[in-house]
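Please take a walk through this structure with me. Keep the sequence and the 3D view open as you read.

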Amino acid sequence: MGAETSGVYVYGIVPADVEPEPDVTGVGDPPAPVTVVRHGQVAALVSPLGSTEALGTPEDLTAHAELLDGSASVAPVLPLRFGAVMTDADAVESELLEANEDRFRAALAELEDRAQFVVRGRYVEQTLLPDLLGDDPEAARLHEQIRGRPEDATRDARIALGELINAAIERERARDTARVIEALGDLDVLINPREPSHEEDAVHVAVLIHNGDRARFEDVLRELTADWDGKVDLALLGPMAAYDFVTAPAPEG
């Protein structure tokens, strides 16, 4: 007798002709095999969920993202947020796919031959304070005031200097984010700014690009890195599923 299941975990929506690799697995312990539920021209990537299984481990989060990102490298994908569960495959077909087929088909067509990347830049810590001290006399005064003195005796000055540094980073972040968006303006891209992931983030944006523009996209980022001249450490993440631009509606389990 097979293991008892309490539902079907749904990862995302893909074109109906997509076939998962034979050995691909998803969430669960042990990881469950991934299959496809189809309706018309759309399909859902799914796996069975054990009756006593609790989701939410780091391994589950990683498996969810890796499946969607791997699928997005070969076909358009509408990702569902982590934790989407439905009662069974019939419910996936009727309540999710059939009910939204036209919408899903149109959204998948928009994503054809596109991929999402995330551009994340972080200020190089060694450059932050010298730049600020050179531009802000008050920051320079506070820095000199606390130099070599005990922390307890300079608490107020340290707090004031920290506030000046944070405000300066916010101003620089706004300028540098605008600079990245402007530099990408010649490409056919969609850009979605993200909230900073770190207090020293210089830029954090999601970008949806045509696969054919990837080389030009990377050239622009290299030019920006050169212009920053060591001020910003820039990282490019992706390709990944288009989480920031389109998602399937959460199913009702």
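What follows goes from helix to helix and then to some single residues.

This is a predicted model, in which local features need pLDDT of at least 70, side-chain atom pairs count only at pLDDT 80 or more, and totals for chains, interfaces and linings use all residues. Residues are numbered from 1 along each chain as its sequence is written, and side-chain values use heavy atoms, with hydrogens and water left out.

Start with helix α2, residues 89-111. Helices here are DSSP runs of H or I with at least four residues, strands are runs of E with at least two, and both are numbered from the N terminus. A straight helix of 23 residues would span 33 Å at 1.5 Å a residue. The expected span is 1.5 Å times one less than the number of residues. Yet α2 spans only 25 Å between its end C-alpha atoms. Where does α2 bend? The bend, of about 75°, is at Glu-101. A bend at a residue is the angle between axes fitted to the seven residues ending there and the seven starting there. Glu-101 is also among the buried residues of α2, which include Leu-97, Asn-100 and Phe-104. Buried means under 20% relative accessible area, exposed means over 50%, and partly exposed lies in between, with a 1.4 Å probe and protein chains only.

Now turn to α5, residues 155-183. Its 29 residues should span 42 Å at 1.5 Å a residue, and its end C-alpha atoms are 41 Å apart, which agrees. Several residues of α5 are buried, among them Leu-161, Ile-169, Arg-173, Asp-176 and Val-180. What covers the buried residues of α5? The cover includes β6 (114-123), α3 (125-135), α4, β8 (201-210) and α6. Contact here means heavy atoms within 4.5 Å.

The axes of α4 (residues 137-146) and α5 come within 9 Å and cross at roughly 145°. Axes are lines fitted to C-alpha atoms, for helices over the stretch in contact, and angles run from 0 to 180 degrees between N-to-C directions. Is the crossing of α4 and α5 left-handed or right-handed? It is left-handed. A crossing is left-handed if the near helix is turned anticlockwise from the far one by less than a right angle, and right-handed if clockwise. Glu-138, Ala-139, Leu-142, His-143, Gln-145 and Ile-146 of α4 meet Ala-157, Arg-158, Ala-160, Leu-161 and Leu-164 of α5. By class, that contact has seven nonpolar, two polar and two charged residues. Ala, Val, Leu, Ile, Met, Phe, Trp, Tyr, Cys and Pro count as nonpolar, Asp, Glu, Lys and Arg as charged, and the others, Gly among them, as polar.

The other partner is α6, residues 214-228. Helices α5 and α6 pack at an angle of about 145°, with their axes 10 Å apart. Their crossing is right-handed. Asp-176, Arg-179, Val-180 and Ala-183 of α5 make the contact with Val-220, Leu-224, Asp-227 and Trp-228 of α6. These residues divide into five nonpolar, no polar and three charged.

Helix α4 also meets α3. The axes of α3 and α4 come within 5 Å and cross at roughly 120°. Leu-129, Leu-132, Leu-133 and Asp-135 of α3 touch Pro-137, Ala-139, Ala-140 and His-143 of α4. Six of the residues in this contact are nonpolar, one is polar and one is charged.

Now for single residues. Lys-231 sits in the loop between α6 and β9 (232-240). Is Lys-231 buried or exposed? Lys-231 counts as buried because its relative accessible area is 19%. Not counting residues up to four places away in sequence, Lys-231 touches Arg-122, Tyr-123, Val-124, Thr-127, Glu-172 and Asp-176.

His-64, in helix α1 (residues 58-72), is buried too, with a relative accessible area of 5%. Its contacts, leaving aside neighbours within four places in sequence, include Tyr-9, Val-27 and Phe-82.

His-210 lies in strand β8 and is partly exposed, at 23%. Leaving aside neighbours within four places in sequence, His-210 is in contact with Asp-113, Arg-114 and Asp-188. Asp-113 belongs to the loop between α2 and β6 and is partly exposed, at 43%.

Finish at Asp-17, in the loop between β1 (5-15) and β2 (35-39). Asp-17 counts as exposed, at 65% relative accessibility.
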